[in-house]
Amino acid sequence: MTDKPFTLRIPFPGFQPSRTDNHITRHLSDLEGRFMDTETYEQMLEEEDVMLYEVYEVRRPEIAGEMLFGIDIIHPGKVGDEFFMTKGHYHEMLETSELYYCLQGEGFMVMETPEGDTAVEKLFPNSVIYVPPRWAHRTVCTGQNEDLVNFYIYPANAGQNYGTLEQFGFRKIIVERNNRIEIIDNPNIKHRS
Ligand code: PA5
Ligand code: MN
């Protein structure tokens with residue numbers, strides 16, 4: 001069976017696609033163990049389980065040949081020195097890539113491979129980041145008051161593997177130190193034996 005082509009619109013501002021099949025929201029409690037400063041994390045969580053990011057998905061069958069795409073919005077803020085960010089993941093099917101097109105805001109795409117290579121690319125309006133096969137990816141919002149908004153697209157059979165990075169942590173993290181944004185080694189990284 002073949003589908004008919006379709007068109008959708010991404011309004012500015014707002015960015016919710018005119019066709020949205022799924023709206024995912026992720027809160028502070030969903031990122032337990034992922035921020036460096038666990039004490040500040042617990043204190044913040046006691047006060048409010050704030051929303052860190054949301055994703056508007058256009059669903060398609062998760063099979064080879066299809067593509068999944070949508071909009072992700074990371075809100076501004078920090079846990080201690082560390083900026084709000086997505087969980088981050090490898091693709092379950094490691095040999096699949098992803099493309100991001102930044103529509104608004106500022107931030108970074110933090111990436112690494114199972115072999116230990118790392119890369120951090122800046123996100124700014126109209127920048128396009130290609131995440132090659134094998135590279136785990138996490139999006140970080142470094143704007144003061146502005147959401148970071150990206151269009152993403154990837155093969156529909158890629159799947160997500162969150163477990164590896166939940167267990168070991170990303171090798172690089174993005175923090176603010178002395179009013180400067182810095183890329184530093186994650187002090188809480190667990191070493192693979
Ligand atoms: O497809 C992607 O990689 C993105 O749309 C992410 O899923 C999105 O940014 C949310 O991040 P995560 O899936 O790591 O929670
Ligand atoms: Mn992905």
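1. The second largest pocket holds about 180 Å³ of space. Its lining has 15 residues, and Gly33, Arg34, Gly169, Asn186 and Asn188 are the closest to its centre. A pocket here is an open set of points on a 1 Å grid over the protein atoms alone, where a 1.4 Å probe fits, with protein on both sides within 12 Å along at least five of seven lines; lining residues have an atom within 4 Å of a point. The volume is the space filled by probe spheres set on the points.

2. This is a predicted model, in which local features need pLDDT of at least 70 and side-chain atom pairs count only at pLDDT 80 or more, while totals for chains, interfaces and linings use all residues. Residues are numbered from 1 along each chain as its sequence is written, chains are lettered from A and ligands numbered from 1 in the order in which they are written, and side-chain values use heavy atoms, without hydrogens and water.

3. Helix H2 (residues 163-168) gives the most to the lining of the second largest pocket, namely 4 residues. By class this lining has 5 nonpolar, 6 polar and 4 charged residues. Gly counts as polar in this scheme.

4. Asn186 lies in the segment after strand S15 (180-185). With 11% relative accessibility Asn186 is buried, a word that means under 20% relative accessible area with a 1.4 Å probe, protein chains only. The Asn186 side chain reaches two backbone atoms: the oxygen of Phe170 at 2.9 Å and the nitrogen of Asn188 at 2.9 Å. Beyond its neighbours within four places in sequence, Asn186 is in contact (heavy atoms within 4.5 Å) with Gly169, Phe170, Arg171, Lys172 and Ile173.

5. The largest pocket holds about 420 Å³ of space. Of its 24 lining residues, Glu57, His89, Tyr154, Gln160 and Tyr162 are the closest to its centre. The lining divides into 9 nonpolar, 7 polar and 8 charged residues.

6. His91 lies in strand S6 (residues 90-91) and His137 in strand S11 (residues 136-141), so the pair ties together parts 46 residues apart in sequence. His91 is buried at 3% relative accessibility, and His137 is buried at 2%.

Methods
Helices (H or I, at least four residues) and strands (E, at least two) are DSSP runs, numbered from the N terminus. Buried means under 20% relative accessible area, exposed over 50%, partly exposed in between (1.4 Å probe, protein chains only). A polar contact is a pair of N or O atoms within 3.5 Å; within protein, one must be able to donate a hydrogen and the other to accept it, and residues adjacent in sequence count only if both atoms are side-chain atoms.
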